[in-house]
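Hi,

Here is the structure I promised to pass on. Have a look at it first, and my notes on what turned up follow below.

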Amino acid sequence: MSSRKPSLNPLFKDFSASDRHKRAEVARKRALSPLRIFLMIMMLPVTTAVIAMGVFIRTSEFEREEAVIHLIALAGCEAIAPIAPGPFLVGEPGYHPRNDPDGDGVACGTVAAPLQSNTTEQQPETSRPRTVGGAKFVRP
């Protein structure tokens, strides 16, 4: 009768097939638990947004801080005002045509309006309507 000594090294422990099957079944149940799947699905938009932001920052023509400001300004003037108050000029980080409804090249800020004459006669506007995306901004 030969008796085997128990191995002192846990890496070479001799598991029977049923122990391996039990551990594999526990691992499968843990990996396929409904809660884990739900959390993975809920984290998908966050993961996608983080990846997209990283790609945008790396491929932007602006420096890293300016690219973040430019990206936040895309959400609107209210979103960027606490971080970097405007105005943002054409070609600078933070300028988006959607934040410039009058089309003067200044977004998220005010620029002194040109002085108007005191005449009551309105001059007809000769410029064509300005479009941003699919929307048209036409004066009534």
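Leu-71 sits in helix H3; helices here are DSSP runs of H or I with at least four residues, strands are runs of E with at least two, and both are numbered from the N terminus. With a relative accessible area of 28%, Leu-71 is partly exposed. On that scale, buried means under 20% relative accessible area, exposed means over 50%, and partly exposed is in between (1.4 Å probe, protein chains only). Phe-56 is 15 residues away from Leu-71 along the chain, and their C-alpha atoms are 8.4 Å apart.

Before going on, a word on the source: this is a predicted model, where local features need pLDDT of at least 70 and side-chain atom pairs count only at pLDDT 80 or more, while totals for chains, interfaces and linings use all residues. Residues are numbered from 1 along each chain as its sequence is written, and side-chain values use heavy atoms, with hydrogens and water left out.

Back to H3. Which of its residues are buried? They are Ala-67, His-70 and Ala-73. Looking down the axis of H3, these buried residues fall within an arc of 125 degrees, so they line one face of the helix (the arc is taken from the directions from the helix axis to the C-beta atoms). Arg-64 and Glu-65 are exposed, on the face of H3 turned away from the buried side.

Glu-65 also belongs to a negative surface patch, together with Glu-63, Glu-66 and Glu-92. Patches take residues with over 30% relative accessible area and no salt bridge, joining like charges within 9 Å and nonpolar side chains (Val, Leu, Ile, Met, Phe, Trp, Tyr) within 5 Å. Asp and Glu count as negative, Lys and Arg as positive, and His and the chain ends are not counted; the charge is placed at CD of Glu. Glu-63 lies in the loop between helix H2 (34-59) and helix H3 (64-73), and counts as exposed because its relative accessibility is 56%.

There's a nonpolar patch too, about 730 Å², made by Leu-32, Leu-35, Ile-37, Phe-38, Leu-39, Ile-41 and Met-42 (areas by the Shrake-Rupley method with a 1.4 Å probe). Of these residues, Leu-35 is found in helix H2 and is exposed at 58% relative accessibility.

How many salt bridges does the structure hold? The count is 1, taking a side-chain nitrogen of Lys or Arg within 4 Å of a carboxyl oxygen of Asp or Glu. Glu-25 pairs with Arg-28, their closest N and O atoms being 3.1 Å apart. Both lie in helix H1 (residues 17-31), 3 residues apart, about one turn of the helix. Glu-25 is partly exposed at 34%, and so is Arg-28 at 47%.

As for the whole chain, it has 4 helices and 4 strands, in the order α-α-α-α-β-β-β-β. Of its 140 residues, 16% count as buried.

Cheers
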